[in-house]
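User: I'm new to this structure and would like a close look at a single part of it. Could you pick one piece and walk me through what surrounds it?

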Amino acid sequence: MKKILFLILTIIMCIPAFAEPGARKEERKAQKDSIRAAEMVGAHHKGVKIKLDGTVLTKEQQSLLLSNIDLEDYNDEWASYKKQRHLGNGLVIGGSVMIGVGAAAEVAALGYIVVGALVGALTLGQADMAEIMKPAGYLAAGGLAAAGVGAGALAVGIPIRVKADKKMKAVCEGYNNATERVEKEFIFGSTGSGVGLALRF
């Protein structure tokens, strides 16, 4: 009887441990949902575009939003950040490709070395090993150079993109916290000649 009672008490004490991961999962889901809800309110950058209250703005709407943030026009700054972000992305993509090319060249060089070793073993050292190993040397050197260039491009590109993203985020937060700004009704409103153009003339 004591063993059964002990077993029942053990099971009862273990139930919260099994239930807790589900509770933690629900808590994480609720936290993600609240973050998503917060991102739906106000201006947030999405790539090089701006989302306002969950809607991606058109070029004209975005220009209008940027035209007056505490009486300053941020259109030129945004265009500059956009170029920086594109440059950073280009360097990251190019660097990744170069690293991939370098890795492929190293694998090919290793293949030549294995083939050369097999040929040497099968011919009992009578084959011209220098001719077989020469491409392996070129591929290995080229692969290292390509990987080095790729790593350098990544090292430069990632900070450029991160910096541009931070500046874009700061502009959006500036709009959200601004005392003087273009109201949402004007940004989402439409006119015959387009929102941005209608208010600029």
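Analyst: Let's start with a term. Buried means under 20% relative accessible area, exposed means over 50%, and partly exposed is in between, using a 1.4 Å probe and protein chains only. Helices (H or I, at least four residues) and strands (E, at least two) are DSSP runs, numbered from the N terminus. With that in hand, the piece to look at is helix α2: the buried residues there are Gln61, Gln62, Ser63, Leu64, Leu65 and Leu66. That is six of the eight residues in the helix, which spans residues 59-66, so α2 is largely enclosed by the rest of the structure.

A quick word on the background. This is a predicted model, where local features need pLDDT of at least 70 and side-chain atom pairs count only at pLDDT 80 or more, while totals for chains, interfaces and linings use all residues. Residues are numbered from 1 along each chain as its sequence is written, and side-chain values use heavy atoms, with hydrogens and water left out.

Now zoom in on Gln61, which sits in α2. Its relative accessible area is 12%, so Gln61 counts as buried. Contact means heavy atoms within 4.5 Å, and, not counting residues up to four places away in sequence, Gln61 touches Val56, Ile187 and Phe188. The side chain of Gln61 also reaches the backbone oxygen of Ile187 at 3.3 Å.

Ile187 turns up again in the largest nonpolar core. A nonpolar core is a set of buried Ala, Val, Leu, Ile, Met, Phe, Trp, Tyr and Cys residues joined through side-chain atoms within 4.5 Å. The largest one has 18 residues, and those with the most contacts inside it are Ile50, Leu65 and Ile187. The elements giving two or more residues to this core are β2 (49-52), α2, α3 and α4 (129-177), with α4 giving the most, four residues.

On a 1 Å grid over the protein atoms alone, a pocket is an open set of points where a 1.4 Å probe fits, with protein on both sides within 12 Å along at least five of seven lines; lining residues have an atom within 4 Å of a point. About 320 Å³ of space lies in the largest pocket, the volume being the space filled by probe spheres set on the points, which are joined across faces, edges and corners. Of the 13 lining residues, the closest to the pocket's centre are Lys59, Gln62, Ser63, Trp78 and Lys82.

Last stop: the loop between α2 and α3, where you'll find Asp70 and Leu71. Asp70 is partly exposed, with a relative accessible area of 37%, whereas Leu71 is exposed, at 66%. Most residues other than glycine have a negative phi. Here, though, phi is positive in both: near 55° for Asp70 and near 65° for Leu71.

Key. Polar contact = N/O pair within 3.5 Å; in protein donor to acceptor, adjacent residues only side chain to side chain.
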